[in-house]
Amino acid sequence: MNTQTTSSSKRSAARTALETAGIYAVAATLLVAGVLASPDFLTAENLLSILSGVALLGMVACGMAFITYSGNMADLSLPTTMAFSGIIAVASLSLGIVPALLLGVLAGLAIGAMNGLVVGKLNANPILWTLAVAFFMEGFMRFTWSNNQLYPEIEPGTPGAAFIGIFRLRTGPVPLIVLVMLALFAVAHLVMTRTRFGRESRLVGSSRAAARSSGIRVSRVVFFNFLAAAFAASVAGIFLTSMNKLGVFYLGQGYDFKAVTAVVIGGVMLSGGRGHIPGVFGGVLVIGLLTNIMTFLGITAFRQNIVTGLVFIAVVGFQQYQLRARGKDYA
Amino acid sequence: MEAVSKRYPGTLAVDRVDLGVNAGEVHALMGENGAGKSTLMKILSGTFNDYDGLIRIGGQTVTLHSPAEAKEHGVGMVHQELSLARPISIAENVLAGRLPANRWGLIQRKALFEEARQWLEYVGLALDPRKAVGEISPHEAQLVEIAKVLSNKPCILVLDEPTSSLSREETARLFDIIRDLKRRGLAIVYISHHLPEVFEIADRVTVLRDGRNMGTLSIAEATPQKLVQMMAGQTIDEFYAARHPEIGDTVLRAVHLTRRAYFHDVSFALRRGETLGLAGLSGSGRTELARSLCGLDPLHYGTVALHGGIIQPGDYARAVSKGLVYLTEDRKADGLFLRLPVSQNLVAALTARHSTMGLCRPAKDAAVAQRLFTTLHVVAPSPEVDAGTLSGGNQQKVLLAKWLATKPHVLILDEPTRGVDVTAKRQIHEAILGLTAQGTAVLLISSDLPELVGMSDRVLVMRQGRLIGEMQRQELSEEAVLLAANGHYAFRTPDTVTSNTGRGAVRPAASLQEQGRP
């Protein structure tokens with residue numbers, strides 16, 4: 001019995017590894033392509049810059065993964081959550097750097113809590129609801145701060161200077177943002193695989209109705225999924241604000257779509273309940289590598305967007321095809 | 001129809017059935033759930049593109065491989081589930097597919113509403129055809145559905161349980177329409193569980209059982225007892241072993257449960273180790289009662305007590321943690337996680353129990369999953385295949401195993417063996433018996449009469465949202481239950497019931513006189 005048990009759990013681990021392998025194969029291919037594209041590609045410096053380049057995206061994708069995994073597809077209010085966290089942090093710098101950062105994250109969590117409550121308890125459509133929240137929050141920020149950008153003080157020694165500095169902090173050669181991203185991925189992975197919450201998220205994502213009739217508190221699970229996403233987005237938003245040295249409503253634009261792309265090419269099914277965090281990290285790497293190589297090749301930012309869009313379309317099409325091949329009966 | 005068969009994966013749903021319906025005749029089709037009535041009629045209405053046997057309409061052999069073909073040959077079918085588009089006007093629904101248009105392709109609204117109004121008038125509805133279907137009541141919608149089918153001018157009309165949502169007056173009106181159609185020479189097939197209706201309207205009756213034709217009688221030869229016997233058969237003794245349950249104290253007590261529009265003032269008690277059957281026709285409120293009882297659906301009035309502690313209405317997660325669980329009747333909709341491995345389905349209800357401080361215990365999960373997989377003989381290559389790939393019977397075993405794993409005090413089973421083959425059925429029954437032997441109380445809802453009679457220690461009968469009485473094990477038979485569910489059987493008076501059931505029993509809510517129909 002015991003050997004059977006371990007063999008069955010080994011089998012599911014093997015399946016996970018196999019599913020993840022795909023995205024890393026793509027990443028490896030891109031690495032080779034990068035080497036071919038430029039001799040400067042495979043330097044420690046460039047590789048670290050790729051990682052820092054995707055660090056903020058990685059954080060948001062890490063949070064977005066919870067939304068997709070639990071069957072809620074995407075939280076389109078994450079970009080405004082990022083901007084709002086940054087603005088609140090800048091606006092409360094007079095209280096000191098630590099309270100400012102805490103308040104920034106709290107502001108983001110408030111949006112997440114509201115989303116989680118409405119989608120979890122009232123069964124609102126997550127896409128439409130978060131789209132509406134994004135629209136509302138943008139208007140709210142523009143109105144409250146009269147369309148202005150918020151600049152922190154940058155005199156050395158002030159909390160403002162410290163705030164601007166956090167984006168540029170490093171441990172040795174490794175930027176803080178890369179470490180934070182890796183930490184978030186590690187924690188997210190543990191939460192999804194080792195906690196009751198992670199397990200219930202998968203059940204809710206697979207079938208909300210079946211989860212409910214298995215005695216799972218679906219609305220609570222959905223609530224915490226939105227909270228997790230908002231937390232990751234707030235952290236990313238504060239770094240983004242620090243990088244830009246200003247807080248403003250439009251920071252974070254575009255992160256929603258890129259994050260969903262990373263999540264989906266990382267193997268998390270848009271229909272929920274399938275996928276895992278290592279895959280999402282692979283997805284983020286692929287996007288980073290793709291962007292970096294395109295930059296090396298001198299492809300402009302707008303054309304890069306076209307490529308990212310096409311990759312998304314291809315991957316979603318492929319997932320849909322896979323689902324259909326498994327039998328429409330239970331897809 | 002001659003020697004018509006239809007095979008579903010694993011079962012022969014209709015087995016070489018001959019059925020002849022004459023023009024100007026109302027031909028009733030009866031049989032228990034799963035007897036093959038609906039499948040047979042679906043063949044006639046072109047739902048399947050494969051079946052064996054011959055179908056002749058008006059002497060001509062026809063192939064009916066699509067609903068359009070069936071329509072062309074004059075087959076009109078009124079389904080049990082309505083096929084109306086709710087946000088669209090009644091008129092457009094009734095005349096869907098042949099809206100009167102002018103030569104520019106624009107709809108002629110006047111002609112549309114005028115024609116629709118005539119059809120509505122014919123079925124006795126004084127409704128504005130411009131109204132959306134979503135705004136009218138379910139029974140009006142049922143009549144609109146009939147108007148829609150009639151407007152296609154069929155020569156064969158199939159009515160599948162047409163009166164389930166109709167009031168008495170509307171039923172009478174429907175029967176007038178049917179008689180009128182009969183005079184006009186239509187061949188009418190009337191599917192119903194309701195014996196009184198069949199005797200009122202039908203000229204001949206055909207009974208199906210297990211996909212086979214058990215015989216056709218003219219209404220003059222038929223008696224309720226005869227029909228019930230033909231439907232029920234004699235399968236109980238071979239299949240269900242004698243059992244000697246040890247029935248203990250009251251575990252669950254339900255008092256005055258009411259959910260408006262579904263069930264009214266239902267009270268009963270359930271004892272340790274007991275299997276309590278819940279009988280009733282479809283639409284009698286059994287499933288709704290069960291779902292409200294455990295907290296999945298709202299409860300407007302009344303209390304449910306488990307071991308003396310009140311179960312909060314609407315809080316199913318709490319009920320599950322206290323050991324009151326419900327096995328859903330629809331495993332595909334809200335039973336299984338079809339896209340997850342069997343192993344994860346088996347432990348889906350244990351997430352709370354198998355975790356300490358929010359961390360889950362994969363080893364414990366795996367051990368339980370493996371044990372259940374083996375004890376219930378789930379036929380699958382491994383516990384790691386997706387639940388959706390299993391056959392119906394094995395899916396149902398997985399669903400049951402999910403709840404067995406929680407070691408419930410009270411297990412509500414809603415159609416636990418629907419669409420399941422005989423072997424799986426036996427295994428499921430063994431698992432249920434094993435559970436009751438350990439003291440679990442079971443509330444069994446089943447339209448499978450041999451199962452209900454064979455498994456239950458006591459049966460409550462529900463009709464039109466009310467509990468109309470109960471039967472003890474010694475008085476149980478398929479015939480008795482079927483007649484009772486039809487409101488046909490005089491129970492002992494409620495007073496005797498109370499004194500006989502003794503400790504823990506509750507007075508039935510309604511006496512016979514209070515029911516709507518005879």
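Q: How many residues of chain A are in contact with chain B in this predicted model, and what makes a pair count as a contact?
A: In this predicted model, 37 residues of chain A are in contact with 39 residues of chain B. They count because contact means heavy atoms within 4.5 Å.

Q: What makes the link between A:R217 and B:D315 a salt bridge?
A: The closest N and O atoms of A:R217 and B:D315 are 2.8 Å apart. The cut-off is 4 Å between a side-chain nitrogen of Lys or Arg and a carboxyl oxygen of Asp or Glu. The value is within the cut-off, so the pair is called a salt bridge. The count between chain A and chain B is three salt bridges.

Q: Which helices of chain A supply at least two residues each to the side that touches chain B?
A: They are α1 (2-37), α7 (176-194), α8 (196-206) and α9 (208-212) of chain A. With eight residues, α8(A) gives the most to that side. By kind, the residues of the side of chain A that touches chain B are 10 nonpolar, 15 polar and 12 charged.

Q: How much area do chain A and chain B bury between them?
A: Chain A and chain B bury about 3,100 Å², and 54% of this is on carbon and sulfur atoms.

Q: Why is B:L44 called buried?
A: B:L44 has a relative accessible area of 6%. Buried means under 20%, so B:L44 is buried.

Q: Where is B:L44 placed in chain B?
A: B:L44 is in helix α1 (residues 37-44) of chain B. From B:L44 to B:M77 is 33 residues in sequence and 8.9 Å in space, C-alpha to C-alpha.

Conventions:
Residues numbered from 1 in each chain as written. Chains lettered and ligands numbered in written order. Predicted model: local features only at pLDDT ≥ 70, side-chain atom pairs only at ≥ 80, totals over all residues. Heavy atoms only, no water. Buried area = accessible area lost by both parts, 1.4 Å probe. Helix = DSSP H or I, 4+ residues; strand = E, 2+ residues; numbered from the N terminus. Nonpolar A, V, L, I, M, F, W, Y, C, P; charged D, E, K, R; others polar. Buried < 20%, exposed > 50% of the residue type's maximum accessible area, 1.4 Å probe, protein only.
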